[in-house]
Amino acid sequence: MRIIFLGPPGAGKGTQAKLIVKDFHIRQLSTGDLLRENRRQETELGKEAQGFMDAGNLVPDDVILRMVAEEFRKPELDPGYILDGFPRTCPQADGLDQILKDSAIKLDHVLVLEVPDSELVRRLTARRSCPKCGHIYNLVFNPPEQEGICDYDGSELIHRSDDTEATVKNRLEVYQKQTLPLIEHYNKQGLIRHIDGMGNVQDIYQRIKAALT
Ligand code: AP5
């Protein structure tokens with residue numbers, strides 16, 4: 001199965017993608033995670049992306065498309081994938097269409113996770129994540145057992161540098177302007193499935209499962 005996950009920052013794409021991956025035996029490809037990994041390793045790409053990410057702006061399309069094209073060459077994606085955070089602009093969607101066309105592959109679904117802005121700000125400012133296993137916590141809704149420590153591997157949790165209130169507001173504006181038009185792009189392909197992203201994580205996951213099967 002090949003899925004695109006659209007939705008504003010904080011909608012729960014990463015949280016839900018991890019459940020989908022387990023159940024459907026596919027891979028998660030998160031451009032945000034790939035960029036953060038490049039930053040941690042201080043690669044040229046990571047250095048190039050840093051300023052854009054910290055300001056809550058999008059990294060330029062050519063950088064993203066190069067990075068994603070590299071990932072698509074890997075056999076790990078052959079069983080299927082969920083694209084989390086990509087594409088995010090019309091040129092990225094066109095680039096993906098071309099990659100898929102070249103390998104005669106079709107997408108199955110484009111999920112749009114919908115959550116009101118006020119809830120997104122609340123979720124993001126309280127997010128913490130594990131830099132090692134990637135588990136996502138929330139200080140209000142889903143805190144770790146021991147403050148600041150990952151339940152699964154004992155790593156110190158991090159607060160993403162782009163999860164401040166001011167940056168989150170910019171990220172929401174960027175989503176409205178640059179990513180929302182993609183709904184029309186994929187509507188034309190008959191792939192869009194709207195999912196209500198409010199409620200508890202398991203209830204939302206059941207809605208997603210129903211849309212995928
Ligand atoms: P990226 O990492 O993709 O971030 P994002 O899209 O802004 O999404 P988030 O990871 O913030 O949120 P999410 O929807 O995954 O929510 P989560 O599950 O964590 O991108 C970061 C930056 O990288 C971009 O700003 C840009 O600079 C750059 N970038 C990345 N891709 C790019 C691209 N393609 N082109 C250009 N630039 C790119 O949940 C959030 C919080 O809510 C957590 O605390 C979680 O525990 C909690 N939560 C989840 N579900 C629920 C629920 N049901 N109820 C209550 N709390 C919940």
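Mentor: The account below begins with the ligand and its surroundings and then turns to salt bridges, the backbone and the surface.

Please keep in mind throughout that this is a predicted model. The ligand is surrounded by 34 residues, and the closest of them are Thr-15, Asn-57, Arg-88, Arg-127 and Arg-171. By kind, this shell divides into 15 nonpolar, 11 polar and eight charged residues.

Some contacts can be followed atom by atom. At Gly-10, a backbone N or O atom lies 2.9 Å from an oxygen atom of the ligand. At Gly-12, a polar backbone atom is 3.0 Å from an oxygen atom of the ligand. Lys-13 contributes through its side chain, where an N or O atom is 2.9 Å from an oxygen atom of the ligand. How much of the ligand does the protein bury? Taken alone, the ligand exposes 1,000 Å², and the protein buries 96% of that.

Which elements give two or more residues to the shell around the ligand? They are helix H1 (13-24), helix H2 (31-40), helix H6 (117-125), strand S6 and helix H9 (201-212). The largest share, four residues, comes from H2.

As a general principle, side chains of opposite charge can pair when their charged atoms come close. In this model the count comes to 16 salt bridges.

The side chains of Asp-23 and Lys-209 meet in a salt bridge, with 3.2 Å from N to O. Asp-23 lies in helix H1 and Lys-209 in helix H9, so the pair ties together parts that are 186 residues apart in sequence. Asp-23 is partly exposed, with a relative accessible area of 38%, and Lys-209 also counts as partly exposed, at 30%.

Glu-37 pairs with Arg-40, their closest N and O atoms being 3.1 Å apart. Both residues lie in H2, three residues apart, which is about one turn of the helix. Glu-37 is partly exposed at 33% relative accessibility, and Arg-40 is partly exposed at 45%.

Arg-73 and Glu-70 form another pair, with the closest N and O atoms 3.1 Å apart. Are these two residues exposed or partly exposed? Arg-73 is exposed, with a relative accessible area of 62%, whereas Glu-70 counts as partly exposed at 44%.

The backbone also deserves attention. Glu-42 has a positive phi of about 55°, although it is not a glycine, and it counts as exposed at 58% relative accessibility. Glu-44 lies in helix H3 (residues 44-55) and is exposed, with a relative accessible area of 61%. The C-alpha atoms of Glu-44 and Asp-54, 10 residues apart along the chain, are separated by 16 Å.

Ala-104 likewise has a positive phi, of about 50°, without being a glycine. Ala-104 is placed in the loop between H5 and strand S4 (109-114) and is exposed at 72% relative accessibility. A cis peptide bond joins Phe-86 and Pro-87, with omega of about -5°.

Finally, we come to the surface. Leu-139, Val-140 and Phe-141 make a nonpolar surface patch of about 290 Å². Val-140 lies in the loop between strand S6 (136-138) and helix H7 (165-179), and it is exposed, with a relative accessible area of 55%. Strand S6 is also among the elements that give two or more residues to the shell around the ligand.

Another loop, between strand S7 (192-196) and H9, holds Met-198, which counts as partly exposed at 32% relative accessibility. The C-alpha atoms of Met-198 and Cys-130, 68 residues apart along the chain, are separated by 24 Å.

Terms used. Residues are numbered from 1 along each chain as its sequence is written. This is a predicted model: local features need pLDDT of at least 70, side-chain atom pairs count only at pLDDT 80 or more; totals for chains, interfaces and linings use all residues. Side-chain values use heavy atoms; hydrogens and water are left out. Patches are made of residues with over 30% relative accessible area and no salt bridge: like charges are joined within 9 Å, nonpolar side chains (Val, Leu, Ile, Met, Phe, Trp, Tyr) within 5 Å. Accessible areas come from the Shrake-Rupley method with a 1.4 Å probe; for residues, only the protein chains shown count as cover. A salt bridge is a side-chain nitrogen of Lys or Arg within 4 Å of a carboxyl oxygen of Asp or Glu. Buried means under 20% relative accessible area, exposed over 50%, partly exposed in between (1.4 Å probe, protein chains only). A residue is near a molecule or strand if one of its heavy atoms lies within 4 Å of it. A polar contact is a pair of N or O atoms within 3.5 Å; within protein, one must be able to donate a hydrogen and the other to accept it, and residues adjacent in sequence count only if both atoms are side-chain atoms. Ala, Val, Leu, Ile, Met, Phe, Trp, Tyr, Cys and Pro count as nonpolar, Asp, Glu, Lys and Arg as charged, and the others, Gly among them, as polar.
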